[in-house]
Amino acid sequence: MKKIHLDPSKPICATHFPSLGRREEFSNNIAMFTEDVWNGVMPIRPWTDKHKNLRVDLEGDRVACETAIRLLNGIDKYARQDSTRAVCGAVEQVAKSLSREGSAAYEILCTREEGKRLSEFTTRRLWKSTKHFFQIVPRKEWKTIDRKIITVPTDRVWYIEMPIALGGRRRYRNILRQLVKNEITGPDFWRKGLERGMQSRIFDYESYRLDIDICCWKATNRWGWNRRDWEQERTTEFFVFYRMISRTLAQAILREHIVNALNELFVRLGVLCNVCVDGLPTIGTIKRVRSEMVEGKISFNDVADQVML
């Protein structure tokens, strides 16, 4: 294993491995699901009149807030001076990174000019020990990266995984595997038959589609994912709203998890600043509304008014 001198101002980890490709390139399910996981974790335009009670801010003195904004901009890769936009952008970007692999990792760098900043790198083929993270470089990348294993100390890395309440990293990656297996495009023999102008008499595509839908619903049950299908042909209005609440609950869990992780990072780096997000439906509120809907105490309109962003 090649030893490399660690320059505190320059990243050493690989941001991506081109030879591995991306799941989204091969699966429509993955592309849609991962986008729906992060989309809506934060309101798209939190500064509009629609969210009058929303407060997204940084609590701390001027110097600490400037340092925090610089760190947040490093995550979001945009130079935002407004704290609301910086927080929203960073939380959304972390959620986007988590949606790809169930985990996200950033190198903590330090320069004389900018101070501390964050640089994201891929968590694919990433292993963690007590004192180090190890990136196992794919064989096809050995020549371009000039290393087979990249080693970085844990104190140089900010690492975050999907919250345990949503199944954690391992179960999330299992969801992705299930979605890859269950595409609605049909099995290979059936598609090849269609290409030749032949339709199988023994293959029932509608039954196949129903089985695929059921498998996907089971796999993404925690996330309340509807596969962007709002038809009620095989379901009820109650279940549509129950699934919507489940999605809102999952997003609230993910949002609070990321905000807490950011605050822990600031403490770790000695930044006396605190990320504050208030005025959005909390986990407790969403669970209460779901329980009241199940018991028939509130209408579907009330549900939408209370917990939908």
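A residue counts as buried when its relative accessible area is under 20%, and this cut-off is applied in the legends below, which describe close-up views of a predicted model.

View 1. Ser83 belongs to helix 3, which covers residues 83-101. With a relative accessible area of 16%, Ser83 falls under the 20% limit and is therefore classed as buried. Its side chain makes a polar contact with the side chain of Asp57, at 2.9 Å. When neighbours within four places in sequence are left aside, the residues in contact with Ser83 are Asp57, Leu58 and Ile69.

View 2. Three strands, in the order 3-2-7, make up an open sheet with antiparallel pairing. Strand 3 (115-121) and strand 7 (157-161) are the edge strands, each of them pairing on one side only, and the twist from one strand to the next averages 25 degrees. Strands of a sheet pair through backbone hydrogen bonds, in either a parallel or an antiparallel manner. Here, strand 2 (residues 103-111) and strand 7 run antiparallel and are joined by 5 bridges; Ala105 has Tyr159 of strand 7 as its bridge partner. Helix 2 (residues 62-76) lies across strand 2, strand 3 and strand 7, and runs at about 20 degrees to strand 3. Helix 8 (residues 237-269) also lies across strand 2, strand 3 and strand 7, running at about 160 degrees to strand 7.

**View 3. The aromatic pair of Phe133 and Tyr159.** The structure holds 8 aromatic pairs, and one of them, formed by Phe133 and Tyr159, is tilted, with 5.4 Å from centre to centre and 50 degrees between the planes. Because Phe133 lies in strand 5 (residues 132-136) and Tyr159 in strand 7, the pair ties together parts that are 26 residues apart in sequence. Phe133 is buried, its relative accessible area being 2%, whereas Tyr159, at 22% relative accessibility, counts as partly exposed.

**View 4. An aromatic cluster and two charges over rings.** Phe33, Tyr172, Trp223 and Trp225 form one aromatic cluster. Elsewhere in the view, the charged end of Lys96 sits over the ring of Trp38, 4.3 Å from the ring centre, and the charged end of Lys148 sits over the ring of Trp142, 4.5 Å from the ring centre.

**View 5. Arg100 and Arg124.** Arg100 is placed in helix 3 and, at 29% relative accessibility, counts as partly exposed. Arg100 and Arg124 are separated by 24 residues in sequence and by 9.7 Å in space, taken from C-alpha to C-alpha.

Terms used:
Residues numbered from 1 in each chain as written. Predicted model: local features only at pLDDT ≥ 70, side-chain atom pairs only at ≥ 80, totals over all residues. Heavy atoms only, no water. Helix = DSSP H or I, 4+ residues; strand = E, 2+ residues; numbered from the N terminus. Buried < 20%, exposed > 50% of the residue type's maximum accessible area, 1.4 Å probe, protein only. Polar contact = N/O pair within 3.5 Å; in protein donor to acceptor, adjacent residues only side chain to side chain. Contact = heavy atoms within 4.5 Å. Pairing = 2+ DSSP bridges. Axes fitted to C-alpha atoms, helices over the stretch in contact; angles between N-to-C directions. Phe/Tyr/Trp six-rings, centres within 6.5 Å; stacked < 30°, edge-to-face > 60°. Lys NZ or Arg CZ within 6 Å of the ring centre and 35° of its normal.
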